[in-house]
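Dear colleague,

Please find the structure below, together with its sequence. My notes on it follow directly after.

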Amino acid sequence: MGPLPNHIAFIMDGNRRYAKKLNLIDGAGHKVGFLAVTSMLKFCYELGVRNVTIYAFSIDNFKRSPEEVQSLMELMQEKIEGLIKDESIVNCYGVRVYFVGNLKLLSEPVRLAAERAMLATAKNSKAVLSICVAYTSTNEIVNAVEESVEEKIEHHESEPLIKLVDIEKHMYMAVAPDPDIIIRTSGEARLSNFLLWQSAFCYLYSPSVLWPEIGLRHFLWAILNFQRHHSYLNKKGEQLQHLLQDGF
Amino acid sequence: MVETLTMVFSLRFSSLSLPPHNTITLYTLPHVPNHRLRSTSNVSPPSSTLLIKHSLCPCAAPTQQQHLLVPEEEEEEEELKCINESPSLENDSLPPGLRRECMPRHVAVIMDGNRRWARLRDLHVGSGYEAGVKSLKTLIELCCKWGIRVLTVFAFSTDNWFRPKVEVEFLMSLFEGGVKDEMGSSLRENIRISVIGDISKLPKSLEELIINVEESTKNNSQFQLIVAVSYSGRYDLVQACQRIAMKVKDGIIELTDVNESLIEQELETNCTDFPYPDLLIRTSGELRISNFMLWQLAYTELFFTQSLWPDFGEADFLEALQSFQQRWRRYGE
């Protein structure tokens, strides 16, 4: 067997189409989608994938109908509170949870629940789960640029010189290495403002299955294809190291 | 090894069939396609829902100036002026199967597979690159003919400096020859040529030639060819950040002025009015962005094809455009 990915990221697309396909009530697709999240996390952690990231709620998603946004926020709060319980999947697998994004944009109950979950899992150290909420990559980059510039200005450098590592360390996603695979379900082939910086070299897999229907076979197929391309990734990793040393 | 593992999994999960490599399902556009005009200011969740103006012209990404989010009470459908209009084109210049109103405004291409193409034919790698240049010329002609306004091509990445020296030198001379060849026709055909990337790393003669061709074609407006040479999407963002840092240090802007619009203005793609590709095509079957434009590809539709770049022709481009026109772009909604 070849090397395993260290980090898999998921764009969980297709919940609404799934609900429509099965004539379910509004919001039911996302509830079933949560079950798919649980099973994917289990596959990842069982296989030994240390880092998992999920695109739970984009800043763009705030533009959906107020009812849908409200329903999603309530679902998120319920599931976040579930994470804190002893028997939750994150505690079973020793997963530290991060909520990644512009959390100030969340309503207070959801934000507080997220902060409690991060605190409650802070001692877990076997794996990491990054949940992107109120997130877009461009917003993340703006924040990282602001913080990088502020840091350099504060040090009163006459000629502030920003390097790649300066921006990277201020990214919300600095808690995890770059993803090796991004899986986007429902057949859409685009990043939708997710991990734009971090996805520079990663393998993009877009199965046509809708998110609530994703299963072990799709997961394994992604892993197999990652392994086929792994030597390419290794080479890129080395080259990137050289570039970092050259001060890019 | 892949085949063995495939058999094993087929036996264990006998009711399932493994999905083919790179499955993309095409969704039919809804009857009235959604049109998302993206605001370039700092996004914050609205207190009430903002309705997007519906349009029969759905697909192209917005320019900086267009900021048409309207309140919910103005819920009426309007035909928006097609943001990809090219008034000089005849309606029948498009091949059958493509709709004028759904043409991408900006297409980006990662021209991958030149070396593999040469190796498959037992040719020197240089022959692959030369064949690749022919594909590029064909693509430029098609873009002009079909009304695409901007074409950005990933000609040479920062990673490519690690290739063998002989190969890199060959590429540099190929670029130089290519630019000299294209200069005359670009001026005649109203084509603007721009180059993005760290050109200070290029041979001096090529650097000067690039500056010259950019200057002499800067007022051309029919079509823009952007060539990414010695380019990296991350480097683009770092240099934008650097420029912002200097402006803050010099008091030209405040730190609180930093937002998405400001970063966009400082990226190397500020050489065009349409910095966001609607469609990215990558040839040769690699499913990754490889540090091409990262910020700019936020909402770009990605199309991956197994064809090697020197084999990519009109039929392949047509297939990519047809795939694009069937995508349903929701921008998070």
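Two strands are said to pair if DSSP finds at least two bridges between them; helices (H or I, at least four residues) and strands (E, at least two) are DSSP runs, numbered from the N terminus. In that sense, E3(A) and E4(A) pair in parallel over six bridges. Within this pairing, Phe99(A) lies opposite Ile131(A) of E4(A). Strand E3 of chain A spans residues 95-100, and five of its six residues are buried (under 20% relative accessible area, with exposed over 50% and partly exposed in between; 1.4 Å probe, protein chains only).

As to conventions, this is a predicted model, in which local features need pLDDT of at least 70 and side-chain atom pairs count only at pLDDT 80 or more, whereas totals for chains, interfaces and linings use all residues. Residues are numbered from 1 along each chain as its sequence is written, chains are lettered from A and ligands numbered from 1 in the order in which they are written, and side-chain values use heavy atoms, leaving out hydrogens and water.

Phe99(A) also belongs to the largest nonpolar core, a core being a set of buried Ala, Val, Leu, Ile, Met, Phe, Trp, Tyr and Cys residues joined through side-chain atoms within 4.5 Å. This core has 95 residues, and those with the most contacts inside it include Ile8(A), Phe10(A), Ile289(B) and Phe292(B). The element that gives the most to it is E4(A), with eight residues. A second, separate core of 47 residues includes Met103(B), Val168(B), Val229(B) and Phe312(B).

Helix H6 of chain A (residues 137-154) has 18 residues and reaches 25 Å from first to last C-alpha, close to the expected 26 Å (1.5 Å times one less than its number of residues). Its buried residues, among them Asn139(A), Val145(A) and Lys152(A), are covered by elements of both chains, including strand E4 (127-135) of chain A and helix H6 (233-249) of chain B. Contact here means heavy atoms within 4.5 Å.

In chain B, six strands form an open parallel sheet in the order E5-E6-E4-E3-E7-E8. Its edge strands, E5 (191-196) and E8 (301-304) of chain B, each pair on one side only. Four bridges join E7(B) (residues 279-282) to E8(B), with Arg282(B) partnered by Phe304(B). Helix H8 of chain B (residues 314-325) packs on the sheet, its direction making about 140° with that of E7(B) (axes are lines fitted to C-alpha atoms, for helices over the stretch in contact, and angles run from 0 to 180 degrees between N-to-C directions).

With kind regards
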